[in-house]
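Subject: Structure handover

Hi,

As promised, here is the structure to look through when you have a moment.

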Amino acid sequence: MNIAGGAGSLSDQFSAVASRPGKIVLFGSGEIAPAGRRGHAAAMKDFEPPVKVAILETPAGFELNSARVAGRVADFIRERLGEFRPRVLVIPARKRGTPFSPDDPHLVAPLLEADYIFMGPGSPTYAIRQLMGSVAWRYLLARHRQGAALGLASAAAIAVSTWAVPVYEIYKAGYDPHWVRGLDLFGDFGLQLAIVSHWNNQEGGEEVDTSRCFMGRERFEAMRRFLPPEVVILGIDEHTIAVFDFLKGTVEVLGRGRVTIWRADGIREVESGEAFPMTWLGEVRIPPPIEASPPPGAPSLSQPMLPPEVAALIREREAARQRRDWATADALRDRIRALGYEVQDTREGPRWRPREDPAAPWRPLEEPDPRPADVSRAMEFGELG
């Protein structure tokens with residue numbers, strides 16, 4: 001079912017508006033697996049190297065190891081997509097009302113110059129609460145309409161729906177089946193989607209049906225009836241990617257599984273290696289651009305900021321060196337490298353630079369932020385990855 005045409009009307013709209021939205025790449029799962037590499041490559045191939053990549057930590061911001069959750073994706077992109085010479089920055093926009101807020105324009109300013117913006121595992125409902133109406137979400141939308149590609153995996157893919165599945169609330173906490181208002185990324189494009197990652201999940205084995213993102217077929221069928229009839233369900237199998245190309249007006253399926261399109265008038269399934277016209281999902285339009293600019297003095301991807309947890313590790317390592325605890329210092333150096341940074345020891349104190357940019361200048365470690373640390377993380381049910 002390879003689609004050669006069907007993009008004419010969208011091409012006309014591109015000519016009529018200043019907005020030039022980039023691709024949107026939805027991952028059913030496996031964003032750091034071999035199939036996921038194809039999704040990242042599809043998003044990055046439209047840009048000249050070095051490709052500037054921003055990873056939003058928000059969906060997993062409630063997790064104590066949220067930096068590592070996002071850091072694994074950063075490491076994967078650096079190590080497995082070297083042909084794009086990616087310059088990767090993890091943006092720790094974790095929770096509103098804290099020093100790491102998605103409403104802090106200085107913290108999230110690098111989004112405005114990214115070529116590729118990625119969000120992934122975590123909690124769909126947490127991501128919705130933290131991003132709905134936030135500065136980070138506005139910057140993401142503005143940059144996408146300027147041409148940046150978006151990568152959205154697992155929990156983040158669900159969160160950007162018009163109506164989102166509250167996975168943990170139903171599956172783990174026993175809430176009655178229901179839907180919640182999502183971030184509605186596709187709404188401005190004329191599409192009302194309920195995106196369901198992990199569509200073919202089989203973790204429950206023979207004992208419990210965990211397909212349809214852990215809802216199971218029977219429960220999901222009941223949930224489907226709660227949706228307005230104009231909403232289209234887009235189910236994405238695990239290790240499977242749906243690539244929305246607005247210039248072509250098509251959605252290409254990559255990876256190991258299939259994409260399921262469930263409309264009021266029936267169900268279609270599209271296999272990996274095939275493409276379908278975006279009009280199968282509704283009447284598509286190209287929205288106008290969104291104006292956004294960073295505040296004066298905001299950091300950029302060209303002048304990356306050091307995440308607070310990495311700065312803390314560097315200080316901890318320096319303290320270990322002062323007391324001649326070389327084993328601890330070496331272990332901390334390995335942890336710092338795993339998070340994407342190198343450290344250099346000098347008489348004036350430690351310096352740092354991103355691992356992916358060995359030509360970058362060494363930067364001194366700034367004084368710690370005097371504001372209180374975020375110790376009031378909201379409890380969630382786990383990480384959808």
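Below are some notes on the core, a helix and a pocket.

This is a predicted model, where local features need pLDDT of at least 70 and side-chain atom pairs count only at pLDDT 80 or more, while totals for chains, interfaces and linings use all residues. Residues are numbered from 1 along each chain as its sequence is written, and side-chain values use heavy atoms, with hydrogens and water left out.

The largest nonpolar core has 86 residues. Such a core is a set of buried Ala, Val, Leu, Ile, Met, Phe, Trp, Tyr and Cys residues joined through side-chain atoms within 4.5 Å; buried means under 20% relative accessible area with a 1.4 Å probe, protein chains only. Leu 26 is among the residues with the most contacts inside this core, as are Ile 91 and Phe 244. Helix H6 (residues 135–145) contributes the most, with 6 residues; helices are DSSP runs of H or I, at least four residues, and strands are runs of E, at least two, numbered from the N terminus. Another core, of 27 residues, lies apart from it and includes Phe 27 and Val 243.

Helix H2 (residues 34–44) has 8 of its 11 residues buried, so it is largely enclosed by the rest of the structure. Among the buried ones are Gly 39, His 40 and Met 44.

The lining of the second largest pocket divides into 4 nonpolar, 8 polar and 6 charged residues. For that count, Ala, Val, Leu, Ile, Met, Phe, Trp, Tyr, Cys and Pro are nonpolar, Asp, Glu, Lys and Arg charged, and the others, Gly among them, polar.

Best wishes

How values were computed. Buried means under 20% relative accessible area, exposed over 50%, partly exposed in between (1.4 Å probe, protein chains only).
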